[in-house]
Amino acid sequence: MVREEDGTGGVGREDMRTSWDNAMQMDWGRAMEHLMELATPQDTARGMFLNRTLETVRSLGDEAALKRCQEVLGQQRLLDFVNYPVTLLIQLTLTAVRELSARHGGPEQVLHLLGQKAAVGLMSSTVGTAMHTRTGTGDEHISSSIQAIYKVTSNYGERSVQWLGPKRGILTMRRSFLPMPYHEGAMLEILTRLGAQLPRVQGRVLGSLDSEYDFSWS
């Protein structure tokens, strides 16, 4: 199956990837605040992703870091399968990155870790458990589960998978409000928990809210 080019020999996408990397290194906070500006009241995220972010800060940060993250949420108690404004998730993620990056390898590494922890929570939930009991084995099971997981857990935008082979695909995300390293970490964890051997994920920026992920396993 042949993928469409962007008319620039791939340079445009690579430039956007470089721009994002530079933004993360030079002013990653502004980059994430821009994502909040693009969100609408209809864009929501499940409470499980906010709760997993808090758990990560609790385990990797200190009391002061946890307090600052809790201040973002106010006094509300988050329920895993209730929807909350996606701006709340972005703000909480932004605060978590600020609190953890100096001690845990920088913003990109922390975002990768937050995505991984979110996937751990997802795969331990009723949704994740259902994926493990789906029919099919091996590569067939992994392929069908990947599509199902992103279909049932996304409350905004569009997610689609294009298969390039039995163990390789492209996941395209439209209107996604979390940075690319977050999704790379989440996908690696999901693939691992589905039984994929030596999973690999490489993200590419397509636009302000759009990205794609070339994923494969051995």
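What follows is a chat about a cavity, a helix and a serine in a predicted model.

Reader: Before we start, what should I keep in mind about the numbers?

Author: This is a predicted model, where local features need pLDDT of at least 70, side-chain atom pairs count only at pLDDT 80 or more, and totals for chains, interfaces and linings use all residues. Residues are numbered from 1 along each chain as its sequence is written, and side-chain values use heavy atoms, with hydrogens and water left out.

Reader: Which residues are closest to its centre?

Author: Of the 21 lining residues, those are F49, Y150, T153, S154 and H183. By class, the lining has 14 nonpolar, 5 polar and 2 charged residues, where Ala, Val, Leu, Ile, Met, Phe, Trp, Tyr, Cys and Pro count as nonpolar, Asp, Glu, Lys and Arg as charged, and the others, Gly among them, as polar.

Reader: Which element gives the largest share of the lining?

Author: That is α8, with 4 residues; helices (H or I, at least four residues) and strands (E, at least two) are DSSP runs numbered from the N terminus.

Reader: Switching to α3, which of its residues are buried?

Author: In α3, which spans residues 63-73, the buried ones are A65, L66, C69 and L73, with buried meaning under 20% relative accessible area, exposed over 50% and partly exposed in between (1.4 Å probe, protein chains only). They lie on the same side of α3 because they cover an arc of only 95° around the axis, taken from the directions from the helix axis to the C-beta atoms.

Reader: And what is on the face turned away from the buried side?

Author: That face carries the exposed residues E63, K67 and E71, whereas the buried residues pack against α2 (47-60) and α4 (86-100), where contact means heavy atoms within 4.5 Å.

Reader: Last one: is S211 buried or exposed?

Author: S211, in strand β6, is buried, with a relative accessible area of 8%. S211 touches L171, T172, M173, R204, V205 and L206, leaving aside residues up to four places away in sequence.

Methods. 1 Å grid on protein atoms, 1.4 Å probe; cavity = no way out; pocket = protein on both sides within 12 Å on 5 of 7 lines; lining within 4 Å.
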